[in-house]
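Subject: Structure handover

Hello,

Here is the structure I promised to pass on. Please open it next to this message, and then read the notes below.

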Amino acid sequence: MKTITLVTLSLFASLSLANAQEKVAAIAHGKSKFMVCAACHGMDGKGLKLGPTMMMAPGYKGSKVVEGDPEIFALVLLKGIKKEGAEYMGMMAPLGAALNDKDLAGIMTYIRNDFSEKKDLITEEQFKGWRAKYKDRNEMVTRAEIAALLAKSDAVTKDAGAKAPEKSE
């Protein structure tokens, strides 16, 4: 029994180390591609200011897109955000044609780890799945659509938490 436990613990430690190394590599790769994002969001991720009151784009800290369901963040990166209103000077350019899945997964991992409370790894395989899911979509997303997707994602998360079975003692 002790041998099985030690083998299991050793395997778990190896997998954890491999995952940590993959995450470090993804962050480094994402950081190397971040200039595409920094042009509007700033090198510090706070959003590029255009004068005293106007912003080119929002900052990442506290962003529900960045910190929420990663699929919504992936959709925004792939398809961009349509220019609406005057809250921000620019629109979010779609990056799906310019960057590959490894690049976009790395950017997401870098942003979620360095500019938000999320500390997760977004893999190239995850991003490939999202690209495939949205391959037939040609239009940019609107801010209203993003808000609806975030609300739906929050509701699903809350429902899942509410339905979790209680531990019996």
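How much space lies in the largest pocket? About 520 Å³. Please keep in mind that this is a predicted model.

**Largest pocket**

The lining of this pocket counts 27 residues. Closest to the centre are His41, Pro58, Val76, Ile81 and Met92. By class, 21 lining residues are nonpolar, four are polar and two are charged.

**Second largest pocket**

The second largest pocket holds about 150 Å³ of space. Its lining is made up of Glu22, Ala25, Ala26, His29, Lys102, Ala105, Gly106, Leu121, Ile122, Thr123, Glu124 and Glu125. At least two lining residues come from each of H1, H5 and helix H6 (124–133). Which element gives the most to this lining? H1 does, with four residues. The classes here are five nonpolar, three polar and four charged residues.

**Cavity**

Rolling a probe the size of a water molecule over the atoms shows where empty space is left. The count comes to one cavity of 30 Å³ or more. The space in the largest cavity is about 50 Å³. Around this cavity sit Ile81, Lys82, Lys83, Glu84, Tyr88, Gly90, Met91, Met92 and Arg143. Four of these lining residues are nonpolar, one is polar and four are charged. Ile81 and Met92 line this cavity, and both are also listed among the residues closest to the centre of the largest pocket.

**Helix H5**

H5 runs over residues 101–114. The helix has 14 residues and reaches 20 Å from its first C-alpha to its last. That is close to the 20 Å expected at 1.5 Å a residue. Is H5 largely enclosed or largely open? Twelve of its 14 residues are buried, so H5 is largely enclosed by the rest of the structure. The buried set includes Asp101, Asp103, Leu104 and Ala105 at one end of the list, and Ile111, Arg112 and Asn113 at the other. Lys102, Ala105 and Gly106 also line the second largest pocket.

At the start of H5, a side-chain oxygen of Asn100 comes to within 3.0 Å of the backbone nitrogen of Lys102. Further along, Arg112 lies in H5. Arg112 is buried, with a relative accessible area of 2%. Its side chain reaches the backbone oxygen of Val66 at 2.7 Å.

**Aromatic pairs**

How many aromatic pairs does the structure hold? Six. In one of them, the ring centres of Phe34 and Tyr110 are 5.2 Å apart and the planes stand at 70°, so this pair is edge-to-face. The pair links distant parts of the chain, 76 residues apart. Phe34 is in the loop between helix H1 (2–33) and helix H2 (35–41), while Tyr110 is in H5. Both residues are buried. Ring pairs also join Phe34, Tyr60, Tyr110 and Phe115 into a cluster.

Best regards

Key. Residues are numbered from 1 along each chain as its sequence is written. This is a predicted model: local features need pLDDT of at least 70, side-chain atom pairs count only at pLDDT 80 or more; totals for chains, interfaces and linings use all residues. Side-chain values use heavy atoms; hydrogens and water are left out. Rings of Phe, Tyr and Trp (its six-membered ring) pair if their centres lie within 6.5 Å; planes under 30 degrees apart count as stacked, over 60 as edge-to-face and the rest as tilted. Buried means under 20% relative accessible area, exposed over 50%, partly exposed in between (1.4 Å probe, protein chains only). On a 1 Å grid over the protein atoms alone, a cavity is a set of points where a 1.4 Å probe fits but cannot get out, and a pocket is an open set with protein on both sides within 12 Å along at least five of seven lines; lining residues have an atom within 4 Å of a point. Grid points are joined across faces, edges and corners, and a volume is the space filled by probe spheres set on the points. Ala, Val, Leu, Ile, Met, Phe, Trp, Tyr, Cys and Pro count as nonpolar, Asp, Glu, Lys and Arg as charged, and the others, Gly among them, as polar. The expected span of a helix is 1.5 Å times one less than its number of residues. A polar contact is a pair of N or O atoms within 3.5 Å; within protein, one must be able to donate a hydrogen and the other to accept it, and residues adjacent in sequence count only if both atoms are side-chain atoms.
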